[in-house]
Amino acid sequence: MKYQTYTLHNFRQIPQVSLLSQEEIRDIEVVGRVLPFKTNNYVVDQLIDWDHFQKDPMYILTFPQRGMLSEKDYHAVDRLLDDPDQEEELKQVVHQIRMSLNPHPAGQREHNMPELDGEKLPGLQHKYHETAVFFPSQGQTCHAYCTFCFRWPQFTGINEYKFAMKEGEKLVRYIQEHPEISDLLITGGDPMTMKSSIFARYIDALIEAKIPHLKTIRIGSKSLAFWPYRFTTDSDSAEMLAVFQRIVDAGINLAYMAHFNHYAELETEEVRKAVSAIRKTGAIIRTQSPILKHINDRSEVWSRMWKLQTQMGMIPYYMFVARDTGARNFFAVPLVKAHRLFRAAFSKVSGIGRTVRGPSMSANPGKVNVLGTTYIKGERYLALRFIQGRNPDWVGRPFFAKYNEEALWLDDLEPAFGEEEFFYEEELNQILQQ
Ligand SMILES: *Cc1c(COP(=O)(O)O)cnc(C)c1O
Ligand code: SF4
């Protein structure tokens with residue numbers, strides 16, 4: 001399949017765009033000036049239901065939506081957009097809006113940047129003992145951009161490649177020097193946008209190093225959803241599958257962490273072929289997605305998605321909560337509602353699908369799972385626990401917050417029972433000061 005991408009500059013060439021009103025086209029032009037926009041011919045022709053595009057989750061997933069900007073910001077851009085004399089002013093306004101959209105939530109990367117020989121490694125993140133996260137420079141784009149993307153700043157050029165690296169040898173040495181690392185998570189953008197030959201160089205260096213403590217390589221990718229041809233008909237698809245095979249043959253577990261937001265992404269012929277091709281290499285596919293208003297905020301979407309994934313041989317892994325960045329106001333689902341939807345869907349799948357965990361917030365202290373609402377002596381509370389923690393000792397301990405139906409994130413919650421702070425807060429402050 002020929003790969004055709006569309007961005008702000010050429011989306012009018014998409015034949016189906018003739019179905020849009022002038023206002024809808026304007027919305028794309030205005031919002032697309034602030035937040036990244038990219039889609040492709042597979043998403044457009046095979047995922048979007050153009051008969052009902054305004055409400056179609058796959059349309060909302062890649063085409064900028066008016067509600068993603070506040071009315072004020074929308075008008076500020078709209079006013080300047082057509083006037084060539086205002087180009088400089090427009091750039092400044094766009095920049096200000098971007099900076100107001102919290103481009104660096106939770107200060108994550110600054111706190112978790114590892115060092116090798118006293119030198120910082122910007123393309124690595126090592127927050128949890130057993131897992132290092134690697135951002136290869138050549139994989140910092142995606143086959144299309146999700147409108148809700150929490151990594152949107154890197155696609156707008158605000159911090160292009162700031163957090164990426166090319167040096168495979170440094171990666172190998174860092175892992176060698178850290179025997180606590182059992183997992184390497186390769187992410188992006190989408191590392192499956194890399195040429196197979198480049199991806200192979202990183203992987204072969206790792207395999208040749210025969211690092212005894214490296215047990216699992218994970219690849220975080222949305223290519224199965226946005227461009228399944230990556231594993232079927234692309235000219236270097238067989239080469240990519242051969243790399244997967246080499247990982248498995250080296251005795252390393254290969255976990256392909258597939259990002260799917262909706263069952264519509266699982267229902268094409270091409271994605272079925274791609275899933276089987278990956279599974280034939282011996283890789284396992286685990287699946288994850290944030291919960292998002294306008295895209296998947298109904299329990300039926302999740303139960304149907306998990307059932308289909310299980311049937312196709314994939315393992316449901318995480319339901320995430322959307323982070324506080326970019327167009328979060330448009331997509332946010334409150335924690336209490338997210339848990340209600342999670343439970344409704346979880347209770348409809350068999351035990352084989354109940355491998356999934358969530359809703360989970362990747363917050364500053366760790367990954368926090370909302371366990372649900374509970375009554376204690378007639379009062380309602382939220383029960384939570386860490387799935388991952390900056391301190392591994394926090395993991396698995398239940399803790400409680402005051403019930404709050406509007407809370408969207410851990411920061412919006414208050415400790416229960418009159419406590420001043422959550423049990424981990426003092427230690428967290430100490431860790432962050434180090
Ligand atoms: C989620 C995450 C991981 C992986 O955590 P698992 O619970 O093992 O899936 C590793 N590093 C960071 C920074 C993460 O956010
Ligand atoms: S695939 Fe992931 S990194 Fe790429 S745009 Fe979507 S959410 Fe962002």
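Helices and strands here are DSSP runs, numbered from the N terminus. Keep in mind as you click around that this is a predicted model.

**Stop one: T268.** Select T268, which you'll find in the loop between β9 (253-259) and α12 (269-280). Buried or exposed? The cut-off for buried is under 20% relative accessible area. T268 comes in at 7% relative accessibility, so it counts as buried. Now show the side chains of T268 and Y42: a polar contact of 2.7 Å joins them.

**Stop two: the largest core.** Next, bring up F199, L206, L224, F231 and F244. These have the most contacts inside the largest nonpolar core, a set of 118 residues. Colour helix α9 (residues 196-208) and you have the element that gives the most to this core, with seven residues.

Zoom in on L224. Not counting residues up to four places away in sequence, L224 touches F231, Y256, A258, F260, V271, A274, V275, I278 and I285.

**Stop three: another core.** Pick V321, M361, L384 and Y424. They are among the 20 residues of a second, separate core.

**Last stop: ligand 2.** What surrounds ligand 2? Select C142, Y145, C146, C149, F155, G189, K222 and H259 to see its surroundings. Sorted by class, that shell has five nonpolar, two polar and one charged residues.

How values were computed:
Residues are numbered from 1 along each chain as its sequence is written. Chains are lettered from A and ligands numbered from 1 in the order in which they are written. This is a predicted model: local features need pLDDT of at least 70, side-chain atom pairs count only at pLDDT 80 or more; totals for chains, interfaces and linings use all residues. Side-chain values use heavy atoms; hydrogens and water are left out. A nonpolar core is a set of buried Ala, Val, Leu, Ile, Met, Phe, Trp, Tyr and Cys residues joined through side-chain atoms within 4.5 Å. Buried means under 20% relative accessible area, exposed over 50%, partly exposed in between (1.4 Å probe, protein chains only). Helices (H or I, at least four residues) and strands (E, at least two) are DSSP runs, numbered from the N terminus. Contact means heavy atoms within 4.5 Å. A residue is near a molecule or strand if one of its heavy atoms lies within 4 Å of it. Ala, Val, Leu, Ile, Met, Phe, Trp, Tyr, Cys and Pro count as nonpolar, Asp, Glu, Lys and Arg as charged, and the others, Gly among them, as polar. A polar contact is a pair of N or O atoms within 3.5 Å; within protein, one must be able to donate a hydrogen and the other to accept it, and residues adjacent in sequence count only if both atoms are side-chain atoms.
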